[in-house]
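Subject: Structure handover and notes

Hello,

Please find the structure below. My notes on its side-chain pairs and on model confidence follow it.

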Amino acid sequence: MQEHHDKQMQGLEEIHWQELDSKEILRFGNIIAKAFKWFPILREMLWIEKLCRLFGFTEEMTDKLVHEKETLVCSGKIYSEEHKRKFHIKNDTFEIEKNK
């Protein structure tokens, strides 16, 4: 009986944690939706950050581009999601510009 009771309690505990996780995910989703509404540029900045990761940029390089708005000059290989392959670059310039 004790073993059966322990299994039931474990099952209930797992259900409880899943419900808490679902509520947290929903709460964070609502916060992110508000942030996108209040700060429309946030969505674009996150997209740029994702592209930088796909290119193979480090976090520091991405921070310089997005936050510090610096121009980067890079050599090496970058990955193109569009072409699904790497390209060799030499002294190429990367910067973020507003789309007019």
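**Salt bridges**

R27 and E24 are joined by a salt bridge between their side chains, with an N to O distance of 3.5 Å. Please keep in mind that this is a predicted model. The two residues sit three places apart in helix 1 (residues 2–38), so about one helical turn separates R27 from E24.

The structure holds four salt bridges, and I describe three of them here, including the one between R27 and E24.

Another salt bridge links the side chains of E49 and R53, at 3.1 Å from N to O. E49 and R53 both belong to helix 2 (residues 41–55), where they are four residues apart, about one turn of the helix. E49 has a relative accessible area of 28% and is therefore partly exposed. R53, at 52% relative accessibility, is classed as exposed, because the cut-off for that class is over 50%.

K84 pairs with E81 in a salt bridge as well, and their closest N and O atoms are 2.8 Å apart. K84 counts as exposed, with a relative accessibility of 54%. E81 is partly exposed, with a relative accessible area of 35%.

As background, side chains of opposite charge can pair when their charged atoms come close.

Is T62 buried or exposed? T62 is buried: its relative accessible area is 9%, and the class applies because that value is under 20%. T62 is located in helix 3, which covers residues 59–66. Leaving aside residues up to four places away in sequence, T62 touches E49, C52, F57 and H67. One of these contacts, E49, is the residue that forms the salt bridge with R53.

**Confidence**

The mean pLDDT of the protein chain is 85, and 99% of the residues score at least 70. Which elements of the protein chain have the lowest and the highest mean pLDDT? The lowest mean pLDDT, 83, belongs to helix 1, and the highest, 90, to helix 3. For the pairs above, this puts R27 and E24 in helix 1, the element with the lowest mean, while T62 lies in helix 3, the element with the highest.

Regards

Methods
Residues are numbered from 1 along each chain as its sequence is written. This is a predicted model: local features need pLDDT of at least 70, side-chain atom pairs count only at pLDDT 80 or more; totals for chains, interfaces and linings use all residues. Side-chain values use heavy atoms; hydrogens and water are left out. Buried means under 20% relative accessible area, exposed over 50%, partly exposed in between (1.4 Å probe, protein chains only). Contact means heavy atoms within 4.5 Å. pLDDT is the predictor's confidence in each residue, from 0 to 100.
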